[in-house]
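Biologist: I would like to learn how to read side-chain packing and a chain interface from a model. Please take me through it step by step.

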There are 2 protein chains.
Amino acid sequence: MSLDTALKVGTPEDVSARADAPGAEVSQAHEPKGLVARFGPDEPLAMDAGVQLAPFQIAYQTAGTLNADRSNAVLICHALTGDQHFAHTHPVTGKRGWWETLVGPGKPVDTDRYFVVCSNVVGSCMGSTGPASIDPATGRAYGLDFPLVTIRDMVRAQAMLLDRLGIRDLFLCIGGSMGGMQVLQWAASYPERVFAAMPIATGPRHSAQNIAFHEVGRQAIMADPAWAEGRYLEAGTRPAKGLGVARMGAHITYLSEPALHRKFGRRFQGGSAPTFSFNADFQIESYLRHQGLSFVERFDANAYLYLTRAMDYFDLAADQGGVLANAFKGTKTRFCVMSFTSDWLFPTSESRAIVHALNAASAPVAFVEVESDKGHDAFLLDEPAMFAAARGFIDAAARARGL
Amino acid sequence: MSLDTALKVGTPEDVSARADAPGAEVSQAHEPKGLVARFGPDEPLAMDAGVQLAPFQIAYQTAGTLNADRSNAVLICHALTGDQHFAHTHPVTGKRGWWETLVGPGKPVDTDRYFVVCSNVVGSCMGSTGPASIDPATGRAYGLDFPLVTIRDMVRAQAMLLDRLGIRDLFLCIGGSMGGMQVLQWAASYPERVFAAMPIATGPRHSAQNIAFHEVGRQAIMADPAWAEGRYLEAGTRPAKGLGVARMGAHITYLSEPALHRKFGRRFQGGSAPTFSFNADFQIESYLRHQGLSFVERFDANAYLYLTRAMDYFDLAADQGGVLANAFKGTKTRFCVMSFTSDWLFPTSESRAIVHALNAASAPVAFVEVESDKGHDAFLLDEPAMFAAARGFIDAAARARGL
């Protein structure tokens with residue numbers, strides 16, 4: 001197997017070799033480390049907002065090896081504040097890959113068998129073009145001049161990346177939360193390119209309550225004078241307080257009341273009594289403040305605005321005259337839809353709506369509701385029932401594809 | 001019936017007459033309109049924080065007439081951002097009383113039969129002493145120098161007010177949310193003074209998730225530079241943005257996903273398509289922004305910090321060695337505990353914990369779970385099942401008391 005067909009684990013060391021691969025105009029990004037596909041003025045991204053974005057770039061990581069007939073590619077779609085570092089040490093936080101629970105050698109998404117790609121979504125801030133990128137028209141960061149991004153735009157950019165990598169179709173497209181929205185959009189936009197799809201902890205459209213929570217987060221950011229109307233990079237300020245508040249609020253929605261009760265309850269920090277002050281008396285307060293502080297170290301405030309907006313705008317049925325089943329009409333993709341009992345951000349009813357639409361479209365679909373008290377974030381955590389179901393679905397799909 | 005026994009509807013017009021009532025050192029507050037009981041240096045409020053607060057004042061409103069044997073008094077306890085204007089036009093907002101659905105002539109809490117009192121809690125900002133009041137020691141607003149307030153402190157102050165009004169015991173103590181916490185605390189602190197108690201949409205302690213939501217709100221306020229470390233009154237600034245964000249986030253928790261879906265869904269403002277901007281595209285966004293803006297017109301940011309903290313600290317069992325039933329040991333009070341099916345801030349499980357404790361204490365208790373999609377705020381809204389249950393309980397209690 002030659003280099004141009006055998007794409008290997010995408011560590012920075014591989015980049016020089018990868019850059020020689022035919023049709024793969026990839027190079028190493030300065031920050032973050034990893035692989036970057038650049039698209040020039042002649043290859044714009046056609047965005048739903050009516051803008052042709054060019055130039056732009058997509059940062060990505062890979063694991064495993066593409067087989068000779070290029071039939072074993074898996075696309076992992078990351079969530080709102082996730083990134084491409086699904087199975088590698090994160091260059092900013094130093095933490096392990098965010099989906100090493102599910103993806104790796106011998107794991108349900110087995111990197112010994114599949115070639116796994118994960119790209120930072122367009123509009124984000126981990127190497128792909130977004131509001132913190134330099135606008136070539138002005139020489140300064142886009143800020144709010146960056147066009148609004150949709151889930152469909154993210155998927156279009158991913159499709160361009162796969163074209164660049166010479167991957168015609170995906171064996172599996174998998175992701176949770178906003179990643180699950182991308183999986184659904186993939187199945188709707190490019191049904192012939194997706195053999196199996198696994199949308200997890202997601203929904204066919206963002207609910208009013210979820211839009212409401214996102215709007216609070218955006219208002220928290222925009223209320224911060226350091227946000228400077230989105231021009232904080234030039235102003236030399238950082239809307240850390242606003243972004244931290246936004247993250248704290250959002251983080252609550254990723255967990256569950258039972259999990260918070262189990263992990264923190266009403267336990268006090270370093271004592272058994274209140275201090276009668278506004279200090280972080282309770283462990284849950286200290287935990288939340290830490291979540292806010294650590295998040296602002298790794299995430300761009302404008303990117304947070306853009307990606308929350310992309311989720312809010314997501315409504316797969318709206319593109320189909322309000323009939324969700326039409327989004328999947330004639331599909332041959334096989335689906336496994338998964339939800340978690342304690343997820344109140346994307347409750348099981350949302351997954352059921354997807355399943356009903358797939359049933360109406362006569363698509364092959366399995367539905368798994370995992371019993372868990374961990375809330376929405378369960379898809380990122382150690383959930384043996386999720387792993388078992390994913391393994392069963394993916395192994396069966398691999399057999400059907402002759403892998 | 002002479003003036004000193006027949007306290008009448010507490011409109012400002014009554015104040016001059018009321019001020020003459022023996023033992024009733026009441027006068028008209030400049031703002032808001034209504035009745036005010038002042039407590040001098042010799043009548044301090046003994047607070048849980050270890051402080052003797054003096055002087056202090058309690059603003060209140062009344063409706064109905066106290067009967068000759070003073071056996072028909074009802075205390076209404078208001079919620080976090082509520083106030084004493086339960087049945088009168090609000091002096092700031094111009095809106096009708098917040099509990100006119102439940103309280104008034106011919107209503108379940110019948111002002112033709114009962115003498116109803118509602119006082120602004122200590123620590124709030126509608127005429128009772130709180131962080132926006134002038135600290136006599138410094139001549140400037142207390143700000144964060146105000147001692148932390150607890151639910152028990154609020155109840156102690158209410159007991160002092162009732163003493164002042166010559167009301168030994170209550171026929172009924174009723175309230176929702178933080179008001180329900182006060183009802184429970186009344187039953188625990190002064191069981192011999194409460195004939196019937198109706199805690200609604202509340203719990204015996206604030207949950208980790210609820211503390212978390214409150215902490216986000218507090219951080220939003222404190223992140224606002226206009227908050228000025230709590231000294232915004234002297235600084236001439238207003239932390240309106242931070243307080244607005246806090247209110248927006250909290251408001252979501254007062255509603256429910258089904259109610260938000262029914263009222264707003266994914267409907268756009270004035271059109272059927274997104275504007276691809278950060279404008280309030282969705283009706284739910286516009287609604288939330290309005291909630292934030294209108295709230296900051298009527299509420300003090302520091303008071304919001306103090307009252308959320310009071311709720312967080314509430315844990316009735318903690319005062320009883322962790323055994324909630326001990327809080328009600330030997331009580332003769334009759335209870336009606338009420339919850340709403342879609343209330344996820346104080347879910348029915350919280351009410352059940354109260355009921356179980358009352359059962360264990362052999363207290364007479366009725367439990368009503370009202371089917372409603374309106375969420376936590378259902379107790380403030382038009383809920384016929386709530387009115388019917390309240391009327392049944394209160395009428396039966398009145399018969400038992402010979403009213």
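Biologist: Which residues does A:W186 touch, not counting residues up to four places away in sequence?

Modeller: This is a predicted model, so keep that in mind throughout. A:W186 touches A:L75, A:C77, A:V155, A:Q158, A:A159, A:L162, A:L170, A:C173, A:P191, A:R193 and A:V194.

Biologist: Which residues have the most contacts inside the largest nonpolar core?

Modeller: In soluble globular proteins, nonpolar side chains tend to be buried together. Here the largest nonpolar core has 201 residues. Those with the most contacts inside it are A:W186, A:Y304 and A:F328, along with B:W186, B:Y304 and B:F328.

Biologist: How many aromatic pairs does a search of the whole structure find?

Modeller: The general idea is that a pair of aromatic rings is described by the distance of the centres and the angle of the planes. Over all chains, the search finds 38 aromatic pairs. One is A:F213 with A:W344, an edge-to-face pair with 5.9 Å from centre to centre and 75° between the planes. This pair links distant parts of the chain, 131 residues apart: A:F213 belongs to helix α4 (residues 208-223) of chain A, and A:W344 to the loop between β12 (334-340) and α10 (348-360) of chain A.

Biologist: Is A:F213 buried or exposed?

Modeller: A:F213 has 13% relative accessibility, so it counts as buried; the cut-off for buried is under 20%.

Biologist: Why is the pair of A:F295 and A:F299 stacked?

Modeller: Their planes lie at 15°, with the ring centres 5.1 Å apart, so the pair is stacked; the cut-off for that class is under 30 degrees. A:F295 is buried, at a relative accessible area of 1%, and A:F299 is buried too, at 6%.

Biologist: What lies over the face of A:Y190?

Modeller: A:R193 does, at 5.9 Å from the ring centre. In chain B, the charged end of B:R193 sits over the ring of B:Y190, 5.9 Å from its centre.

Biologist: How many residues of chain A are in contact with chain B?

Modeller: The size of an interface is often given as the accessible area lost when the parts come together. By contacts, 52 residues of chain A meet 52 residues of chain B. By area, the two chains bury about 4600 Å² between them, 71% of it on carbon and sulfur atoms. In chain A, the residues that lose the most area to chain B are A:R266, A:F276 and A:F278, together 19% of what that side buries.

Biologist: Which residues form one aromatic cluster with B:F278?

Modeller: A:Y142, A:F146 and A:Y306 form one aromatic cluster with B:F278.

Notes. Residues numbered from 1 in each chain as written. Chains lettered and ligands numbered in written order. Predicted model: local features only at pLDDT ≥ 70, side-chain atom pairs only at ≥ 80, totals over all residues. Heavy atoms only, no water. Phe/Tyr/Trp six-rings, centres within 6.5 Å; stacked < 30°, edge-to-face > 60°. Helix = DSSP H or I, 4+ residues; strand = E, 2+ residues; numbered from the N terminus. Buried < 20%, exposed > 50% of the residue type's maximum accessible area, 1.4 Å probe, protein only. Lys NZ or Arg CZ within 6 Å of the ring centre and 35° of its normal. Core = buried A, V, L, I, M, F, W, Y, C linked by side-chain atoms within 4.5 Å. Contact = heavy atoms within 4.5 Å. Buried area = accessible area lost by both parts, 1.4 Å probe.
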